[in-house]
Amino acid sequence: MTEQNVEKRIFGRKWSVWMADSVIKKFPELRNRWAYDYGVLCKGLELVYGHTKKQEYYDYIKANMDYFVQSDGTIRFYDMDAFNLDFVNNGKTILYLYHTTGDKKYAKAAHLLRE
């Protein structure tokens, strides 16, 4: 690939799309903890999805949150007794998924975080 082609490939894309694609490639699964940074990442991907409508971004958000949010609304790795405000950040993504899917498990999970 020539230098000109590399520049065209890099500068011909929006930085947000480039970053979203890079993160998805590097971290295909968010699985090891219920954490603040996952919420930041998913919120960013939600915004990029809203702009591009690239289904891969929405699917990534949903697949990763579905790993944590169980069918009864409980959240894998969430420790309510820890009283850690960082655990609540992912709630924005849960509410987004509830609004886009209507799936009650997300509403239940959001209520759990609110408690």
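This is a predicted model: local features need pLDDT of at least 70, side-chain atom pairs count only at pLDDT 80 or more; totals for chains, interfaces and linings use all residues.
**Reading contacts, burial and rings**

Trainee: Which residues does lysine 62 contact, if its neighbours within four places in sequence are set aside?

Mentor: Lysine 62 is also placed in helix 4, and its contacts of that kind are with Leu97, Thr101 and Tyr106. The C-alpha atoms of lysine 62 and isoleucine 94 are 9.0 Å apart, although 32 residues separate the two in sequence. The side chain of lysine 62 also makes a polar contact of 2.7 Å with the side chain of aspartate 66, and lysine 62 is partly exposed at a relative accessible area of 26%.

Trainee: How many residues does helix 3 have, and which of them are buried?

Mentor: Helix 3 has 17 residues and reaches 25 Å from its first C-alpha to its last, which is close to the 24 Å expected at 1.5 Å a residue. Its buried residues are Tyr38, Gly39, Leu41, Cys42, Leu45, Glu46, Val48 and Tyr49, and what covers them includes helix 2, helix 4 and helix 5.

Trainee: Is asparagine 89 buried or exposed, and what does its side chain reach?

Mentor: Asparagine 89 counts as buried, because its relative accessibility is 7%. This residue lies in the loop between helix 4 and helix 5, and its side chain reaches the backbone oxygen of tyrosine 36 at 2.9 Å. Apart from residues up to four places away in sequence, asparagine 89 touches Tyr36, Gly39 and Val40.

Trainee: Which residues have the most contacts inside the largest nonpolar core?

Mentor: That core has 29 residues, and those with the most contacts inside it are Trp34, Leu45, Tyr57, Ile75, Ile94 and Leu97. The elements giving two or more residues to this core are helix 2 (15-26), helix 3, helix 4, helix 5 and helix 6 (104-114). To take one of its members, isoleucine 75 touches Trp34, Phe68, Ile94, Ala109, Leu112 and Leu113, again without residues up to four places away in sequence.

Trainee: What should I note at the start of helix 6?

Mentor: There, a side-chain oxygen of aspartate 103 reaches to within 3.0 Å of the backbone nitrogen of lysine 105. Within helix 6, the buried residues include Ala107, Ala109 and Leu113, and the cover over its buried residues includes helix 4 and helix 5.

Trainee: How many aromatic pairs does the structure hold, and how are such pairs described?

Mentor: A pair of aromatic rings is described by two values, the distance of the centres and the angle of the planes. The structure holds eight aromatic pairs. In the pair of tyrosine 38 and phenylalanine 68, the ring centres are 6.1 Å apart and the planes stand at 45°, so the pair is tilted. This pair links distant parts of the chain, since tyrosine 38 is in helix 3 and phenylalanine 68 in helix 4, 30 residues apart. Tyrosine 67 and phenylalanine 68, by contrast, form an edge-to-face pair, with 5.1 Å from centre to centre and 85° between the planes. Phenylalanine 68 is buried, with a relative accessible area of 0%, whereas tyrosine 67 is partly exposed at 23%.

Trainee: Which residues do the ring pairs link into a cluster, and what sits over the ring of tyrosine 67?

Mentor: The cluster consists of Trp34, Tyr38, Tyr67, Phe68 and Phe77. The charged end of arginine 76 sits over the ring of tyrosine 67, 4.2 Å from its centre.

Key:
Residues are numbered from 1 along each chain as its sequence is written. Side-chain values use heavy atoms; hydrogens and water are left out. A nonpolar core is a set of buried Ala, Val, Leu, Ile, Met, Phe, Trp, Tyr and Cys residues joined through side-chain atoms within 4.5 Å. Buried means under 20% relative accessible area, exposed over 50%, partly exposed in between (1.4 Å probe, protein chains only). Helices (H or I, at least four residues) and strands (E, at least two) are DSSP runs, numbered from the N terminus. Contact means heavy atoms within 4.5 Å. A polar contact is a pair of N or O atoms within 3.5 Å; within protein, one must be able to donate a hydrogen and the other to accept it, and residues adjacent in sequence count only if both atoms are side-chain atoms. The expected span of a helix is 1.5 Å times one less than its number of residues. Rings of Phe, Tyr and Trp (its six-membered ring) pair if their centres lie within 6.5 Å; planes under 30 degrees apart count as stacked, over 60 as edge-to-face and the rest as tilted. A charge sits over a ring if NZ of Lys or CZ of Arg is within 6 Å of the ring centre and within 35 degrees of the ring normal.
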